[in-house]
Amino acid sequence: MPRGLFDNLGLKLSSLGLAFALWMVVAGEQRDERTLNVPLTLARLPKNTALLNVPGDFVTVQLRGPKSLISGLSPNEVDVNLDLSTLKEGENLVAVKSDQVDVPRGVEVVQVSPRWVRLVLESVTERVVRIAARVEGNPAAGHYFKRASAHPDRVRLVGPRSEVNRLEKVYTSTINIEGRSRDFGALTSLEPLGKLVKVEGLVRVQVSVEIRANPMPSSS
């Protein structure tokens with residue numbers, strides 16, 4: 001016989017009895033229903049693919065359980081997880097099932113809405129494009145803007161095939177040349193490309209701006 005089996009036997013029996021009594025109270029408690037808007041989690045996106053659309057941040061879940069559990073339940077205690085690992089490129093209709101909803105013990109999932117979500121996947125590609133410097137304003141009187149050059153002048157983009165292929169070049173943030181009368185340089189960033197296309201590696205771009213004086217009129 002294992003040693004210690006009967007140590008504090010009275011305390012152990014009391015704890016067991018208390019747990020059983022608590023279970024009986026919960027089991028016999030009036031049941032209630034509640035509807036929560038629960039965050040939708042998308043997991044295990046297939047390798048080298050990107051999600052083009054956002055199906056919605058929340059799923060409406062109808063729950064049933066003991067009133068004491070249901071009344072204090074927070075959306076953070078309920079998870080809706082969709083496994084995308086088997087999806088293919090293109091349009092996919094994914095079922096949202098009750099067994100994909102994680103809830104506390106004793107709570108039952110009655111209904112989930114929407115029952116289907118539309119997910120559009122596309123393969124990821126990369127491409128090197130030119131960087132163009134963007135300027136605004138007018139140089140000082142008697143001067144003109146000659147050109148602006150970005151260094152480096154190329155950048156690698158990574159993202160969904162259709163989004164990357166439509167970009168022939170990317171622009172720097174606007175450089176103000178108002179009132180300038182000589183060459184100058186500026187360290188700047190690229191204009192945002194949206195959430196789906198990422199710039200690989202490059203963080204800042206050096207722009208060299210050339211300002212020239214207008215030619216003196218020749219004497220007759």
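**Entry 1: charged pairs**

I started with E108, which forms a salt bridge with R64, the closest N and O atoms being 3.3 Å apart. I looked up where the two sit: E108 is in strand β7 (residues 108-113) and R64 is in strand β3, so I noted a link between distant parts of the chain, 44 residues apart. Strands and helices here are DSSP runs numbered from the N terminus, with at least two residues (E) for a strand and at least four (H or I) for a helix.

Before going on, a note on what I'm looking at: this is a predicted model, where local features need pLDDT of at least 70 and side-chain atom pairs count only at pLDDT 80 or more, while totals for chains, interfaces and linings use all residues. Residues are numbered from 1 along each chain as its sequence is written, and side-chain values use heavy atoms, with hydrogens and water left out.

R64 turned up again when I checked E33: their side chains meet in a salt bridge at 2.7 Å, N to O. E33 is in strand β1 (residues 31-43) and R64 in strand β3 (residues 58-66), 31 residues apart, and the pair links distant parts of the chain.

The cut-offs are under 20% relative accessible area for buried and over 50% for exposed, with partly exposed in between (1.4 Å probe, protein chains only).

**Entry 2: another pair, and a network**

Next I found E200 in a salt bridge with R156, with 3.5 Å between the closest N and O atoms. E200 lies in the loop between β15 (198-199) and β16 (205-213), and R156 lies in strand β11 (residues 154-160), so the pair ties together parts 44 residues apart in sequence. E200 is partly exposed at 45%, and R156 is too, at 33%. I also saw that R147, D183, E210 and R212 are joined into one network by salt bridges that share partners. The structure holds 14 salt bridges.

**Entry 3: a buried valine**

I then picked V117 in strand β8 (residues 116-132). V117 is buried, with a relative accessible area of 6%. What does V117 touch? Leaving out residues up to four places away in sequence, I listed P55, L82, N92, L93, V94 and V96; contact means heavy atoms within 4.5 Å. V94 is 23 residues from V117 along the chain, yet their C-alpha atoms are separated by 5.3 Å.

**Entry 4: a three-strand sheet**

I traced an open sheet with the order β10-β16-β14 and antiparallel pairing. Two strands pair if DSSP finds at least two bridges between them. β10 (143-151) and β14 (184-188) stand at the edges with a single partner strand each, so one side of each has no neighbour in the sheet. β10 and β16 pair over eight bridges, and S149 has S208 in β16 as its bridge partner.

**Entry 5: the whole protein**

Last, I zoomed out and noted three helices and 16 strands. Of the 220 residues, 27% are buried. Among contacts with a separation of 6 or more, 74% are between residues 24 or more positions apart.

Terms used. A salt bridge is a side-chain nitrogen of Lys or Arg within 4 Å of a carboxyl oxygen of Asp or Glu.
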